Amino acid sequence: MIYAVKNQVAAVVPYEIAGQSSTLVQVEYDGIRSVATAVPVLAAVPGIITTNAQGTGQAVAVDQDGSINSASNPAARGSVVVLYATGEGQRNPAG
């Protein structure tokens, strides 16, 4: 589980479902379980996390000093910048 908010859940999907067309998802909160619901399984779609959380525009890039990288706050030459990505998918050899 990554997070849960009203009407949305984000979770890490196990590698074992790779190649399946669908899987069952069930949510439990305070000991009460939802009805298991079939959801489609899609191929991995890697992406860079963006500041607008829509997958477009500026990437979330954190400079070596912990500040957010931007056009007005560029990283110093030779420094480290951290990017955040999602959608890894199955690896070879398998995970």
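Biologist: Is D30 buried or exposed?
Modeller: D30 counts as exposed because its relative accessibility is 70%; exposed means over 50% relative accessible area, buried under 20%, and partly exposed in between, with a 1.4 Å probe and protein chains only. This is a predicted model, in which local features need pLDDT of at least 70, side-chain atom pairs count only at pLDDT 80 or more, and totals for chains, interfaces and linings use all residues. Residues are numbered from 1 along each chain as its sequence is written, and side-chain values use heavy atoms, with hydrogens and water left out.

Biologist: Where is D30 found?
Modeller: D30 is in the loop between β4 (28–29) and β5 (32–33). Strands are DSSP runs of E of at least two residues, numbered from the N terminus. D30 has a positive phi of about 55°, although it is not a glycine.

Biologist: And what is the phi of N7?
Modeller: N7 has a positive phi of about 70° and is not a glycine either. N7 sits in the loop between β1 (3–5) and β2, and it counts as exposed because its relative accessibility is 76%.

Biologist: Which residues is T50 in contact with, leaving aside its neighbours within four places in sequence?
Modeller: With those neighbours left aside, T50 is in contact (heavy atoms within 4.5 Å) with G55, T56, G57, Q58, A59 and V60. The T50 side chain also reaches the backbone oxygen of T56 at 3.5 Å.

Biologist: What about Q58, then; where is its place?
Modeller: Q58 is in the loop between β7 and β8, and counts as partly exposed because its relative accessibility is 36%. A polar atom of the Q58 side chain lies 3.2 Å from the backbone oxygen of N69. The C-alpha atoms of Q58 and S70 are separated by 7.6 Å, the two residues being twelve apart along the chain.

Biologist: On to pockets: how many residues line the largest pocket?
Modeller: The lining has 34 residues, of which A11, V12, V13, I17 and G87 lie nearest the centre of the largest pocket. β3 gives the most to that lining, with three residues.

Terms used:
On a 1 Å grid over the protein atoms alone, a cavity is a set of points where a 1.4 Å probe fits but cannot get out, and a pocket is an open set with protein on both sides within 12 Å along at least five of seven lines; lining residues have an atom within 4 Å of a point. Helices (H or I, at least four residues) and strands (E, at least two) are DSSP runs, numbered from the N terminus. A polar contact is a pair of N or O atoms within 3.5 Å; within protein, one must be able to donate a hydrogen and the other to accept it, and residues adjacent in sequence count only if both atoms are side-chain atoms.
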